[in-house]
Amino acid sequence: MAPTSRARKIGIVASAIGLLMHKEPRTAFEKEENVVKGLANKQNSDGGWPYISNSQNESNVEATCWALLALHAYNENRQYDEIISCGTKWLLGQNPSRKDDQGWPFREKEEPRVYITCFVLRTLCVLNMKDDARVEAAIHWLINIQNKNGGWGEVIGDEPSVFFTSYALLTLSELAGNTQRSFNESIYNGKKWLMSSMKDLSLEASFLNCRLEMIESENQGNKYRVSFFHYVLPCVVLCYDKLGIHNKVLFDSIKLLMDRSKGGIVEHPMLDSSKKRPIWALYGVFLALSSIVSVNSSDKLMFVFLNHIYKIPSNRVTRYLIKVANRWVLSAIVITLIIYFGGAVAVKIWNILYDYFASQVSPNWATFCMSVITSIIGTVIINKVVKFKKKILSLFYK
């Protein structure tokens with residue numbers, strides 16, 4: 001099994017267990033097989049899975065999706081077929097579509113939501129259930145509730161947001177690839193809105209760090225609240241990469257996620273303490289960064305030129321060229337060339353000026369004058385070198 005494939009599976013399990021049982025990711029790595037079995041045992045009698053939280057152990061759609069994805073990833077020996085089948089049946093039954101097209105709600109008899117619907121569609125696509133009539137109804141619903149400006153909001157009629165638009169576009173593009181269908185108009189309009197919204201936007205903006213989706217529900221007369229903390233930036237990266245938008249926004253977003261993940265420790269910008277790293281943030285970053293690399297013979301390198309990102313074959317020559325094009329290496333080469341070719345000229349100019357001043361005043365005054373002039377000239381040269389370096393680097397990255 002390829003390392004990325006295994007890590008992806010563990011990531012799914014970690015996310016599922018984190019939602020259901022509040023375990024740390026390390027537990028999933030150390031005892032993943034036992035964890036998967038424990039996850040299977042958490043299935044409710046109705047076929048769904050609950051949060052172990054304030055929802056009274058009631059089955060809900062999102063937790064069921066996570067559990068099904070995790071069990072599917074570890075079902076090589078078909079030992080979880082029956083459990084997956086029961087869970088899928090329950091999940092499909094939560095779609096209220098009868099005569100009208102509907103998306104999925106968080107739980108039965110509630111309002112259909114964009115994130116939940118997209119998550120279910122992506123899950124059912126993985127489970128190869130994309131031909132079901134309720135899947136078709138949900139796709140129609142998702143397309144029909146798209147705002148006129150091209151974006152998607154949290155629920156029908158809501159103002160569009162970067163997160164829900166990115167997630168809807170990611171879902172439609174995946175469905176288009178897996179069902180050989182075209183959603184060109186919806187994708188085009190959504191893509192146009194998203195790119196316009198992200199243009200000249202600071203990636204440190206708070207709504208790119210976290211999009212809070214709050215759901216108030218009721219179970220057996222007891223009201224409770226469920227909060228979804230969506231880490232938006234990784235979703236933008238996934239969407240841009242899937243749609244082939246390899247531009248400055250994608251490159252800057254990848255850089256920022258990598259900066260937040262140094263040393264293999266993912267820090268979420270909304271949380272001060274690394275001990276509070278949520279699994280949803282870890283998994284979002286992991287998916288975003290893993291979307292731009294692979295571990296097979298078709299490895300690609302990310303290459304930036306004229307402010308656009310290109311994926312090129314990975315071999316000894318291209319890896320060497322990428323190193324040469326690295327910003328710091330390129331800077332060193334530019335400065336070295338200027339020093340090398342400008343050194344001889346500088347020495348000649350120094351000697352000429354010194355001889356001139358020495359003939360007019362005493363050697364000490366000549367030395368003083370040259371010190372002042374050299375400082376001024378040096379400052380001018382440094383400024384010119386910096387501007388020249390930036391001009392060269394702008395070919396690779398602005």
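Guide: A residue counts as buried when its relative accessible area is under 20%. Ser 217 has a relative accessible area of 5%, so Ser 217 is buried. The model is a predicted one.

Start with the location. Ser 217 sits in strand 3, which runs over residues 211–219. Now its surroundings. Setting aside neighbours within four places in sequence, Ser 217 contacts Arg 107, Glu 110, Asn 222, Lys 223 and Tyr 224. Take Glu 110 from that list. Glu 110 is 107 residues away from Ser 217 along the chain, yet their C-alpha atoms are separated by 8.2 Å.

Step back to the whole chain. Of contacts with a separation of 6 or more, 60% join residues 24 or more positions apart. The chain has 398 residues, and 45% of them count as buried. It holds 16 helices and six strands. Its accessible surface is about 21900 Å², and carbon and sulfur atoms hold 56% of that.

Now the surface. Val 361, Trp 365, Phe 368, Val 372, Ile 376 and Val 380 form a nonpolar patch there. Together they have about 580 Å² of accessible area. Phe 368 belongs to helix 16, residues 363–393.

Most residues other than glycine have a negative phi. Arg 78 is not a glycine, yet its phi is positive, about 60 degrees. Arg 78 is in the loop between helix 4 (61–73) and helix 5 (81–93). With a relative accessible area of 56%, Arg 78 is exposed. Asn 128 also has a positive phi, near 60 degrees. Its loop runs between helix 6 (114–126) and helix 7 (133–144). Asn 128 is exposed, at a relative accessible area of 55%.

Last, confidence. The mean pLDDT of the chain is 79, and 74% of its residues reach 70 or more. Residues 17–29 have pLDDT below 50. Beyond near neighbours in sequence, that stretch has 30 contacts in the model.

Conventions. Residues are numbered from 1 along each chain as its sequence is written. This is a predicted model: local features need pLDDT of at least 70, side-chain atom pairs count only at pLDDT 80 or more; totals for chains, interfaces and linings use all residues. Side-chain values use heavy atoms; hydrogens and water are left out. pLDDT is the predictor's confidence in each residue, from 0 to 100. Contact means heavy atoms within 4.5 Å. Patches are made of residues with over 30% relative accessible area and no salt bridge: like charges are joined within 9 Å, nonpolar side chains (Val, Leu, Ile, Met, Phe, Trp, Tyr) within 5 Å. Accessible areas come from the Shrake-Rupley method with a 1.4 Å probe; for residues, only the protein chains shown count as cover. A salt bridge is a side-chain nitrogen of Lys or Arg within 4 Å of a carboxyl oxygen of Asp or Glu. Helices (H or I, at least four residues) and strands (E, at least two) are DSSP runs, numbered from the N terminus. Buried means under 20% relative accessible area, exposed over 50%, partly exposed in between (1.4 Å probe, protein chains only).
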